[in-house]
Amino acid sequence: MITRKTKVYGFVSVLFFIVMGAVLVSMLQYIEAKGGELVQHSKEIADYKAREQAYNELEQLIVSTKDDRDELATYILTENVTIDFLATIEEIAIEQGIELTTNSLHVEEQEGLFDTLVISFSVDGPQTRVYSMLQILETLPYHAFVSGVSFTNDQKAVGAVVEGTIELNVSLLDYD
Amino acid sequence: MIDKKSIIKMADDVFHRSQGYPDRRLVHPQREWGIGLFVFAVLVISGSILVGTTFVQYRSADSVKGSSEASIPQYREVITQDALELYRARSSEYRQLRGDIVVVPVELPRDASSTVSDNAPALESEEDVIGTLEIE
């Protein structure tokens, strides 16, 4: 028979079961929330460590390659040394004893890190000197090349004198 | 004495209340303990599975691999060294040519020029050339 005492025990048991179930569910939710935070914090720490490692590697790379990069940079023309570059070419022409005039100078926009500085010169002088000048232009210690040459013999002049144009393309570092 | 109507009414009540199930007012200890143990076992097993899943889920939380989201530019050393070699050679040739140019304007006497040996070391720079010429 179900007595009053049994009913009380049953009620208390059910109540205890419900309370413990609620406690269990809330504890599981708490563990889930804390677990989520743990994962997020772990991810942040791992990201931070990865960034720190990348920074250290980059710093080491920058230090270890500084000499090479500095040397390589001297072979690349920049806008602030363009005038000096032109002055050097004129200096070479004077040294060679030929007349040199800069006809045009313009920058061709290129995709990527470098633009191209296109310079057109008129030259007039003894053939050997002009050829020597051309050879020097071809060996300029810059990322440059002679893209066009046009010479004609000056029939009126005494000896082998040529006049013509030389077009020089020089890579120009684009800081933009 | 109980008449037929009363018996039908009592049977109807019992049937309606119990809905075909056995009378729950009767306690069967073995059955109740069995049910209790079964529920307990179900709770323990499901709880273990839940806890185990949670444990597995967060066990590897500290071994998460991070991403820096920053791409380190690749330094191609071989290409750099090749480029440096190329431009060093080019620069050397340029300096040599310009060195020759500096020599050209200076017209040495014929007898003096004949003393210049073909095996003379190459002049390193324009300054060296000028310096040598000044000494001479």
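The expected span of a helix is 1.5 Å times one less than its number of residues. Keep that in mind as we walk through this predicted model, beginning with chain B. Helix 2 of chain B covers residues 29-59, which makes 31 residues, and from first C-alpha to last it reaches 43 Å, close to the expected 45 Å. How many of those residues are buried? The count is zero, so helix 2 of chain B is hardly covered, given that a buried residue needs 20 or more other C-beta atoms within 10 Å of its own.

From the N terminus on, its elements run α-α-α-α-α, with five helices and zero strands. Across the 136 residues of chain B, buried ones make up 4%.

Now let's turn to where the two chains meet. Here 31 residues of chain A are in contact with 28 residues of chain B. On the chain A side, helix 1 (4-64), helix 2 (66-73), helix 3 and helix 4 each give two or more residues. Helix 1 of chain A supplies the largest share, 16 residues. Sorted by class, this side of chain A has 17 nonpolar, eight charged and six polar residues.

Finally, step inside the largest nonpolar core, which has 21 residues. Val123(A), Met133(A), Leu137(A), Leu168(A) and Val170(A) touch the most other members. Two or more core residues come from each of helix 3 (82-96), strand 2 (114-126), helix 4 (127-138) and strand 4 (161-173) of chain A.

Definitions and conventions: Residues are numbered from 1 along each chain as its sequence is written. Chains are lettered from A and ligands numbered from 1 in the order in which they are written. This is a predicted model: local features need pLDDT of at least 70, side-chain atom pairs count only at pLDDT 80 or more; totals for chains, interfaces and linings use all residues. A nonpolar core is a set of buried Ala, Val, Leu, Ile, Met, Phe, Trp, Tyr and Cys residues joined through C-beta atoms within 7 Å. A residue is buried if 20 or more other C-beta atoms lie within 10 Å of its own, exposed if 12 or fewer, and partly exposed in between; C-beta atoms are placed from the backbone. Helices (H or I, at least four residues) and strands (E, at least two) are DSSP runs, numbered from the N terminus. Two residues are in contact if their C-beta atoms, placed from the backbone, lie within 7 Å. Ala, Val, Leu, Ile, Met, Phe, Trp, Tyr, Cys and Pro count as nonpolar, Asp, Glu, Lys and Arg as charged, and the others, Gly among them, as polar.
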